[in-house]
Amino acid sequence: MTTTTRRKKGIVVRLQPLGDRVLIEREESEQQSAGGIVLPDQAQKKSKRGKVLGVGNGKLDREGKRIPLAVKSGDRVLFSSYSGEEIEVNGKEVLLLREDDILAVIHD
């Protein structure tokens, strides 16, 4: 699935993850501690949860067959802390990572 993002000047950027890569928008991190203390930006940890914006067409097995990904666009997922590559698209930070770095799909 292709993810489309619009720029201010009307130019459209299309991102299509390849292979077993997944494009994720990170959820906002907690602004307060459990005790109600407001955390400054530097003390906030980056969220390990996000929404899948786009997925690749899958990994190839030894016989050359495509193995489809277990996640799809719109899924909420939990992923490893230091996984993937952070990229900025039109001022919005997104994460491009391999499906193997996704730990779980979150069902609400």
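**Salt bridges in a predicted model**

Arg76 forms a salt bridge with Asp108, and the closest N and O atoms of this pair are 2.8 Å apart.

**Exercise 1.** Work out which parts of the chain are linked by the pair of Arg76 and Asp108, and whether Asp108 is buried or exposed.

*Solution.* Begin with the bridge itself, in which the closest N and O atoms of Arg76 and Asp108 are 2.8 Å apart. The pair links distant parts of the chain, since Arg76 lies in strand S7 (residues 76-79) and Asp108 in the segment after strand S10 (102-106), 32 residues apart. Turning to accessibility, Arg76 is partly exposed at 22%, whereas Asp108, with a relative accessible area of 83%, is exposed.

**Exercise 2.** Determine which strands are tied together by Arg26 and Glu86.

*Solution.* The closest N and O atoms of the salt bridge between Arg26 and Glu86 are 2.9 Å apart. Because Arg26 belongs to strand S3 (residues 21-26) and Glu86 to strand S8 (residues 85-89), the pair ties together parts that are 60 residues apart in sequence. Glu86 is partly exposed, its relative accessible area being 33%.

**Exercise 3.** Classify Asp75 and Lys72 as buried or exposed.

*Solution.* The side chains of these two residues, Asp75 and Lys72, meet in a salt bridge at 3.2 Å, N to O. Buried means under 20% relative accessible area and exposed means over 50%, so Asp75 at 12% is buried, while Lys72 at 53% is exposed.

**Exercise 4.** State how many salt bridges the structure holds, and which residues are linked in a network.

*Solution.* The structure holds 8 salt bridges. A network of salt bridges links Asp20, Lys59, Arg98 and Asp100.

Terms used:
Residues are numbered from 1 along each chain as its sequence is written. This is a predicted model: local features need pLDDT of at least 70, side-chain atom pairs count only at pLDDT 80 or more; totals for chains, interfaces and linings use all residues. Side-chain values use heavy atoms; hydrogens and water are left out. A salt bridge is a side-chain nitrogen of Lys or Arg within 4 Å of a carboxyl oxygen of Asp or Glu. Helices (H or I, at least four residues) and strands (E, at least two) are DSSP runs, numbered from the N terminus. Buried means under 20% relative accessible area, exposed over 50%, partly exposed in between (1.4 Å probe, protein chains only).
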